[in-house]
Amino acid sequence: MKKLNVNSDRSYEILIDRGILNHCGEYIRPLMRGNKAMIISDTNVFPIYGGIVKSSLEAQGVEVYSHIFPAGEGSKSLSSISKMYSDLADSGFSRKDIIIALGGGVTGDMAGFAAATYQRGIDFVQIPTSLLAQVDSSVGAKTGVDISQGKNLVGAFWQPSAVLIDPDTLNTLSPHFFSDGMAEVIKYGCIKSKELFARLERENAADIIDEIIYDCVVIKRDVVQRDEHEAGERMLLNFGHTLGHSIEKAYSYTGITHGEAVGIGMVMMTNASESAGITQAGTAQRISSLLKKYSLPCCDSTPLKTITDGAFGDKKASGDSLNVVLIDKIGSSFTKKLRKDELYSFIKGGCKND
Ligand code: MG
């Protein structure tokens with residue numbers, strides 16, 4: 001088992017181990033102040049893993065409830081959260097009880113937000129079952145939901161009591177969703193680790209996924225620990241995301257995954273910074289080749305103007321300018337402030353779209 005400690009407002013552990021799901025109760029029980037646990041999961045994940053988690057908790061004497069919602073980003077709404085609150089209240093949950101988020105990014109974001117707000121905050125444990133959630137969304141305490149104006153516009157920073165990562169759950173993930181997570185893995189290499197990037201080029205990630213997850217979680221842990229509320233360094237994690245979010249929005253969040261859009265965003269941004277002489281020549285090509293290796297696209301036909309205009313609707317944009325994340329070479333990143341008109345011409349400089 002690999003164990004990582006996260007020091008924040010509230011310290012907690014991230015445990016990575018194959019099969020940890022089967023005995024998750026042993027780790028969760030000592031963290032509990034009450035006796036009730038609500039497993040929040042979706043219609044895809046609960047039928048596969050819900051029973052295992054429930055039995056393991058029950059074996060420790062925990063009173064287990066479950067709340068299952070329809071799988072998909074479409075469920076990530078305040079009305080779904082409202083149903084969770086009702087279930088928690090109807091089941092007599094108090095501030096001492098605990099929520100278990102069992103599933104991918106959508107589940108973690110929503111269950112975390114319900115935990116952050118129900119009775120002004122109750123404990124929760126993350127059990128991420130997708131690669132994206134294991135390397136990214138389960139670490140860093142961001143929780144939230146979408147509203148019609150945009151993704152993740154309502155939320156809270158809320159630390160889990162623990163994160164339990166079982167790489168075996170990736171065996172039931174479709175190749176498409178494995179690729180989705182690989183885009184974030186490649187991002188970590190781009191912004192912080194040339195060794196990780198080179199390893200992804202040299203080896204097949206699926207064969208060494210335990211080590212890859214660990215490396216990514218260490219990078220994310222270190223960044224968020226230094227910048228819990230996204231005032232500075234944490235912005236680097238948004239590499240590829242400024243344009244990526246805008247591309248997802250142009251697709252109305254259907255027909256393209258988050259990872260696919262982020263991959264395209266990384267390549268567009270790096271083509272631009274290479275053309276501007278900021279980034280070592282050949283870097284965008286290396287990123288493109290690696291994305292292709294993991295079955296991810298590296299370009300898109302959405303008009304450039306739509307992408308750059310859309311980027312200013314992102315919650316990370318402040319007024320007329322926004323901070324974009326650039327890399328000067330693989331493993332080394334920084335932010336640069338650009339005005340609205342500058343973003344378009346900057347990206348245009350390296351762009352084959354339009
Ligand atoms: Mg992301």
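**Group meeting: helix packing, salt bridges and a buried helix**

Let's start with two helices. α7 and α11 pack at an angle of about 50°, and their axes are 10 Å apart. This is a predicted model, so keep that in mind throughout. The crossing of α7 and α11 is left-handed.

Who makes the contact? From α7, we have Phe-197, Leu-200, Glu-201 and Arg-202. From α11, we have Arg-286, Ile-287, Leu-290 and Lys-293. Sort the contact residues of α7 and α11 by class, and you get 4 nonpolar, 4 charged and no polar residues.

Glu-201 and Arg-286 form a salt bridge through their side chains, with N to O at 2.8 Å. Glu-201 sits in helix α7, residues 194-202, and Arg-286 sits in helix α11, residues 283-293. So this pair ties together parts that are 85 residues apart in sequence.

As background, side chains of opposite charge can pair when their charged atoms come close.

Next pair: Glu-184 with Lys-187. Their closest N and O atoms are 2.9 Å apart. Both residues belong to helix α6, residues 175-192. They are 3 residues apart there, so about one helical turn separates them. The general rule is that an α-helix has 3.6 residues a turn, so residues three or four places apart point the same way. Both Glu-184 and Lys-187 are buried.

Another pair is Arg-339 and Asp-341. Their side chains meet in a salt bridge at 3.2 Å, N to O. Arg-339 is partly exposed, with a relative accessible area of 43%. Asp-341 is partly exposed too, at 48%. There is also a network. Salt bridges with shared partners join Glu-73, Lys-76, Asp-109, Asp-146, Lys-151 and Glu-248.

Glu-248 takes us to α9. Which ones are buried? They are His-241, Thr-242, Leu-243, Gly-244, His-245, Ser-246, Ile-247 and Glu-248. What do they pack against? Two strands are on the list: β8 (150-157) and β10 (321-329). The helices are α6, α10 (258-275), α12 and α13 (340-348). Just after α9, Ser-252 takes a positive phi of about 50°.

Arg-120 is not a glycine, yet its phi is positive, about 65°. Where is Arg-120? In the loop between α4 (105-117) and β6 (123-128). With 73% relative accessibility, Arg-120 counts as exposed.

Ser-295 also has a positive phi, near 60°, and is a residue other than glycine. Ser-295 lies in the loop between α11 and α12 (304-311). Its relative accessible area is 58%, so Ser-295 is exposed.

To close, back to where we began. The α7 and α11 contact includes Glu-201 and Arg-286, and those two side chains form a salt bridge.

Terms used. Residues numbered from 1 in each chain as written. Predicted model: local features only at pLDDT ≥ 70, side-chain atom pairs only at ≥ 80, totals over all residues. Heavy atoms only, no water. Salt bridge = Lys/Arg side-chain N within 4 Å of Asp/Glu carboxyl O. Helix = DSSP H or I, 4+ residues; strand = E, 2+ residues; numbered from the N terminus. Buried < 20%, exposed > 50% of the residue type's maximum accessible area, 1.4 Å probe, protein only. Axes fitted to C-alpha atoms, helices over the stretch in contact; angles between N-to-C directions. Left-handed = near helix turned anticlockwise from the far one by under 90°. Contact = heavy atoms within 4.5 Å. Nonpolar A, V, L, I, M, F, W, Y, C, P; charged D, E, K, R; others polar.
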